[in-house]
Amino acid sequence: MKVLIVGANGMLGQAVSAEVLLAGISFESISSQELDICNVLETENLVSDVGADYVINCAAFTRVDDAEVEVDAAVRVNALGAENLARACKAAGSKLIHISTDYVFEGTGTTPYKESDVTKPLTVYGKSKLEGETRIIASGVDAYILRTAWLYGPGGKNFVTTMIDLAKRQGQISVVDDQIGQPTSTQQLAKGILSVLEVKPSFGIYNATCKGQTSWFHFAEYIFQALNFSDIDLIPVGSDRFVRPAARPGYSVLSSEKWMANNLRPFLEWELALTEFLKDNYGVSK
Ligand SMILES: NC(=O)c1ccc[n+]([C@@H]2O[C@H](COP(=O)([O-])OP(=O)(O)OC[C@H]3O[C@@H](n4cnc5c(N)ncnc54)[C@H](OP(=O)(O)O)[C@@H]3O)[C@@H](O)[C@H]2O)c1
């Protein structure tokens with residue numbers, strides 16, 4: 001089996017490259033400098049030249065707030081770029097594994113969203129990612145679309161690194177307590193992607209997040225407890241205290257029912273995955 005990883009220098013791309021290497025699978029990791037998925041011809045040529053069984057798309061425009069003003073750039077990468085890659089895969093006979101997001105949902109639900117639930121993104125980022133999904137499906141390529149959420153991992157800016165940086169600079173930190181989701185480590189998602197390669201379930205959309213659910217506040221609380229940052233005054237606040245350009249869904253927990261029914265590798269509980277990450281990267285032994 002041969003795998004091509006696109007957007008390989010991003011946070012998830014690095015984790016996927018590491019897991020594929022560990023599994024002994026033949027692969028090529030291609031960074032944004034080596035391939036711009038918005039370039040149709042370059043994308044077609046590279047995907048055809050590599051001739052991979054699977055192309056894993058880790059490339060995306062991920063600056064959620066910036067997307068509200070950089071609309072064209074977000075749509076270009078997340079919708080049109082995703083379609084270019086899908087078409088290139090179809091032409092080359094490669095299967096596509098694409099990553100999408102919980103932000104395709106409005107977030108007014110109270111029970112975990114299933115893959116088939118009605119989407120209603122609140123933001124430009126969410127809309128561009130949903131358009132990417134739609135364009136991939138319309139291309140007719142054999143594809144897995146994995147919706148994940150609240151990603152963190154080494155080699156990228158994320159909530160965990162932001163909290164740690166803040167704690168070094170200030171004694172009091174306010175964190176939103178009314179948005180509920182699933183912190184998911186890039187390592188867990190990368191292992192999940194590998195299980196898709198192994199199990200080969202039917203093509204389609206799959207939720208791919210760590211188990212359990214929490215708020216950003218409790219996520220931060222767990223990080224600081226694990227790191228023994230006991231002198232941080234952590235304050236829970238409502239989203240109305242942190243108005244940002246892009247509105248976040250209030251509740252975006254994704255159901256793992258389909259993932260589990262297909263015998264894919266179970267994700268860890270978010271607390272366990274976070275502990276693993278802190279242990280590996282910060283020497284913590286909670
Ligand atoms: N981060 C999260 O919390 C989260 C949550 C849910 C879903 N997701 C999804 O998970 C996936 C991985 O996210 P991530 O956190 O790993 O993002 P990331 O760290 O921002 O990585 C994205 C990568 O895509 C590259 N890229 C951007 N435009 C490109 C283009 N036109 N052609 C080729 N490469 C391009 C970027 O390169 P440059 O740095 O050079 O621009 C970067 O290396 C994305 O699909 C994202 O939408 C993320």
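Where is the place of Ser31? In this predicted model, Ser31 belongs to the loop between β2 and α2. Ser31 counts as partly exposed, because 14 C-beta neighbours lie inside 10 Å. Leaving aside neighbours within four places in sequence, Ser31 is in contact with Ala8 and Asn9. Ala8 is 23 residues away from Ser31 in sequence, yet the two are 4.8 Å apart in space, C-alpha to C-alpha.

**The whole protein**

The protein has 10 helices and 12 strands. A compact globule with 286 residues would have a radius of gyration near 19 Å, and the protein, with 18 Å, agrees with that. Along the principal axes, the C-alpha trace spans about 55 × 40 × 40 Å. How much of the protein counts as buried? The share is 46% of the 286 residues. Take the contacts with a separation of 6 or more: residues 24 or more positions apart account for 82% of them.

**The nonpolar core**

The largest nonpolar core has 82 residues, and the ones that touch the most other members are Ile5, Val6, Val55 and Ile56. Helix α4 provides the largest share of this core, 9 residues. Neighbours within four places in sequence aside, Val6 is in contact with Ile30, Leu35, Ile37, Val55, Ile56, Asn57, Cys58, Ala59 and Leu85.

**Helix α2, one face in and one face out**

Which residues of helix α2 are buried? In this helix, residues 40-50, they are Thr43, Leu46 and Val47. Seen down the axis of α2, these buried residues fall within an arc of 95°, so they line one face of the helix. As for what covers the buried residues, the list includes β1 (2-6), β2 (26-30), β3 (54-57) and α4 (71-92). Just after α2 comes Gly51, with a positive phi of about 60°.

**Around the ligand**

How many residues surround the ligand? There are 26, and the closest are Gly10, Leu12, Ser32, Ala59 and Ala60. By type, the shell divides into 14 nonpolar, 10 polar and 2 charged residues. At least two residues of the shell come from each of α1 (11-22), α4 and β4 (95-101). The largest share, 3 residues, is supplied by α1.

Thr186 is found in α7, residues 186-199, and it counts as buried because 27 C-beta neighbours lie inside 10 Å. Beyond neighbours within four places in sequence, Thr186 is in contact with Met11, Leu12, Ala15, Leu151 and Gly153. Leu12 also turns up among the closest residues to the ligand. Lys168 has its place in helix α6, residues 159-169. With 8 other C-beta atoms within 10 Å, Lys168 is exposed.

| Pair | Apart along the chain | C-alpha to C-alpha |
|---|---|---|
| Ser31 and Ala8 | 23 residues | 4.8 Å |
| Thr186 and Leu151 | 35 residues | 6.2 Å |
| Lys168 and Gln179 | 11 residues | 25 Å |

**Two asparagines with positive phi**

Last, a look at some backbone angles. Asn228 has a phi near 60°, a positive value in a residue other than glycine. Asn228 is found in the loop between α8 (216-226) and β12 (233-237). Is Asn228 buried or exposed? With 9 C-beta neighbours inside 10 Å, Asn228 counts as exposed.

Asn263 has a positive phi of about 60° too, although it is not a glycine. The loop between α9 (257-261) and α10 (270-282) is the place to look for Asn263. Asn263 is exposed, with 11 other C-beta atoms within 10 Å.

Terms used:
Residues numbered from 1 in each chain as written. Predicted model: local features only at pLDDT ≥ 70, side-chain atom pairs only at ≥ 80, totals over all residues. Buried ≥ 20, exposed ≤ 12 C-beta atoms within 10 Å, placed from the backbone. Helix = DSSP H or I, 4+ residues; strand = E, 2+ residues; numbered from the N terminus. Arc of directions from axis to C-beta. Contact = placed C-beta atoms within 7 Å. Near = placed C-beta within 6 Å. Nonpolar A, V, L, I, M, F, W, Y, C, P; charged D, E, K, R; others polar. Rg over C-alpha atoms; globule rule 2.2 N^0.38 Å. Core = buried A, V, L, I, M, F, W, Y, C linked by C-beta atoms within 7 Å.
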